[in-house]
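Me: Could you take a close look at the salt bridges in this model and walk me through them?

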Amino acid sequence: IEHVDDLIEAGIDSLKIEGRSKSAYYSGVITNAYKTAIKAYYSGKKTPKWANQEVHNVSHRPYSTGFYYSDNMSKGRRNSPWQTYEKGYIRNYQLLANVVKNSKIINKTSRIAVETRNYFKLNSQIEILSPGKVPQTAKIIKILDKNNQNLPFSNKPMVQLNLILDKNLTIPIGSFIRQAL
């Protein structure tokens with residue numbers, strides 16, 4: 001993503017974002033980051049730091065520029081920054097839930113309906129990723145089941161719950177809730 005300007009200036013007018021075997025979370029985060037970088041380029045601005053960081057916040061293999069900058073490449077060096085030999089994925093965040101209804105502002109809090117994906121608990125610090133927006137942070141102050149009963153945690157995937165957050169945020173349907181690992 002740090003090289004979007006070079007790609008555009010080289011005449012590339014279409015990017016393929018890997019997504020066929022990826023989750024909606026991965027595709028959404030990466031697409032949002034690249035869209036922000038491309039808009040910044042055409043506005044004559046630098047890519048915002050948060051957008052550059054987003055590609056590192058999804059599960060991924062180590063990144064490299066491959067052989068695109070071959071004039072800078074040192075041939076035969078295994079520790080070259082232009083090619084990676086490391087195996088495995090880097091994972092810094094975990095998807096907790098998908099937002100299934102637009103948020104409601106109640107006093108100075110937000111109530112959001114979510115479908116769970118992974119374990120989380122009360123007082124968890126979370127990030128909310130909404131299309132076209134800078135990630136927002138909040139704290140879960142209540143977890144409510146379908147009968148409005150308080151829960152101390154959620155440990156089952158694909159369950160619909162309501163979360164009360166400590167801030168009044170406008171969170172649209174289709175947003176993702178994640179937590180740093």
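Reply: Happy to. A salt bridge here is a side-chain nitrogen of Lys or Arg within 4 Å of a carboxyl oxygen of Asp or Glu. The model is predicted, so local features need pLDDT of at least 70 and side-chain atom pairs count only at pLDDT 80 or more, while totals for chains, interfaces and linings use all residues. Residues are numbered from 1 along each chain as its sequence is written, and side-chain values use heavy atoms, with hydrogens and water left out.

By this rule there are 3 salt bridges. Let's start with arginine 178, which pairs with glutamate 127, their closest N and O atoms being 2.6 Å apart. Arginine 178 sits in strand 8 and glutamate 127 in strand 4 (residues 125-129), so this pair ties together parts 51 residues apart in sequence. Strands (E, at least two residues) and helices (H or I, at least four) are DSSP runs, numbered from the N terminus. Both partners are buried, meaning under 20% relative accessible area, with exposed being over 50% and partly exposed in between (1.4 Å probe, protein chains only).

Arginine 178 also meets glutamate 54 in a salt bridge, at 2.7 Å from N to O. Glutamate 54 belongs to helix 3 (residues 49-54) and arginine 178 to strand 8 (residues 176-180), so that contact links parts 124 residues apart in sequence. Relative accessibility is 4% for glutamate 54 and 0% for arginine 178. Through shared partners, Glu54, Glu127 and Arg178 form one network.

Glutamate 115 and arginine 117 also form a salt bridge, at 3.0 Å from N to O. Here glutamate 115 is buried at 17%, whereas arginine 117 is partly exposed at 26%.
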